[in-house]
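Subject: Structure handover

Hi,

Here is the structure I promised to pass on. My notes follow below it.

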Amino acid sequence: MITWIEPLKGAIVLLMLAVMAAAIGMALQLRRHTGPLEEQLQTLHRTSMASEHLIPRLREVERRYISLIKHVDNVDTAEFSAGEIETLVILGSPWRVTAAVAQDWIRQAPGILISLGLLGTFAGLTVGLSQISAVLQTQDISSLVSRLGEIVQPMGVAFQTSLLGLTLSLSVLLFSQLTGTRSCLERTEALLS
């Protein structure tokens, strides 16, 4: 029964690393796309920059806003701004990932990492605890000691995956907090509206 615990640990660790890499990659892409918008919007709030000096993305937003205002009496600027920023495509083919989807993934990744760590914990404890009754029935002390080692190995896997899940979760949280990607959409939307 122990033979499958190490491959399971390897699979969980690979999955954890993939989740962390995806979250950090999306955070970098999100920052790369929203950073220039946020900087130019802050500049616009401080100065009276002419429309021709806007970056292309903001020029397109301005064009859509003017077109919209010509056809309706009232525009909810907060709603318009949220729609413009959240639908910003940060990853194209083969996946179309918008800024809102990326930020949602970045926020969910720490919980996914902790859950994967718990999966490894429960798998390791299940394997280890399922062998206790057979070990306790052993009369030979030397055999008992060696068989107790067989129980401890899967329990070690249990705590290793939990520790790794917590560590990677904290890494993603700290990275997204330090780069500002946990709240960059809200800041950019507020500046745009």
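I'll start with the surface. Helix α4 gives the largest share of the nonpolar patch, 3 residues. The patch is made by I114, L118, F122 and L166. Its area is about 360 Å². L118 sits in helix α4.

Please keep in mind that this is a predicted model. The pLDDT of the protein chain averages 84. At least 70 is reached by 95% of the residues. Confidence is highest in helix α4 (residues 99-130), with a mean of 90. Confidence is lowest in helix α5 (residues 132-136), where the mean is 75. So much for confidence.

Next, the helix packing. Helix α1 covers residues 5-46, and helix α6 covers residues 141-179. The two pack with their axes 10 Å apart. The angle between them is about 0 degrees. Angles under 35 degrees count as roughly parallel, so α1 and α6 are roughly parallel to each other. What residues make up the contact of α1 with α6, by class? There are 16 nonpolar, 5 polar and 3 charged.

Last, the charged pairs. Side chains of opposite charge can pair when their charged atoms come close. How many salt bridges does a search of the whole structure find? It finds 4. One of them joins the side chains of R187 and E38, at 3.0 Å from N to O. This pair links distant parts of the chain, 149 residues apart. R187 is in helix α7 (residues 184-192), and E38 is in helix α1.

Best wishes

Key. Residues are numbered from 1 along each chain as its sequence is written. This is a predicted model: local features need pLDDT of at least 70, side-chain atom pairs count only at pLDDT 80 or more; totals for chains, interfaces and linings use all residues. Side-chain values use heavy atoms; hydrogens and water are left out. Axes are lines fitted to C-alpha atoms, for helices over the stretch in contact, and angles run from 0 to 180 degrees between N-to-C directions. Helices (H or I, at least four residues) and strands (E, at least two) are DSSP runs, numbered from the N terminus. Angles under 35 degrees count as roughly parallel, over 145 as roughly antiparallel, 65 to 115 as roughly perpendicular and the rest as oblique. Ala, Val, Leu, Ile, Met, Phe, Trp, Tyr, Cys and Pro count as nonpolar, Asp, Glu, Lys and Arg as charged, and the others, Gly among them, as polar. pLDDT is the predictor's confidence in each residue, from 0 to 100. Patches are made of residues with over 30% relative accessible area and no salt bridge: like charges are joined within 9 Å, nonpolar side chains (Val, Leu, Ile, Met, Phe, Trp, Tyr) within 5 Å. Accessible areas come from the Shrake-Rupley method with a 1.4 Å probe; for residues, only the protein chains shown count as cover.
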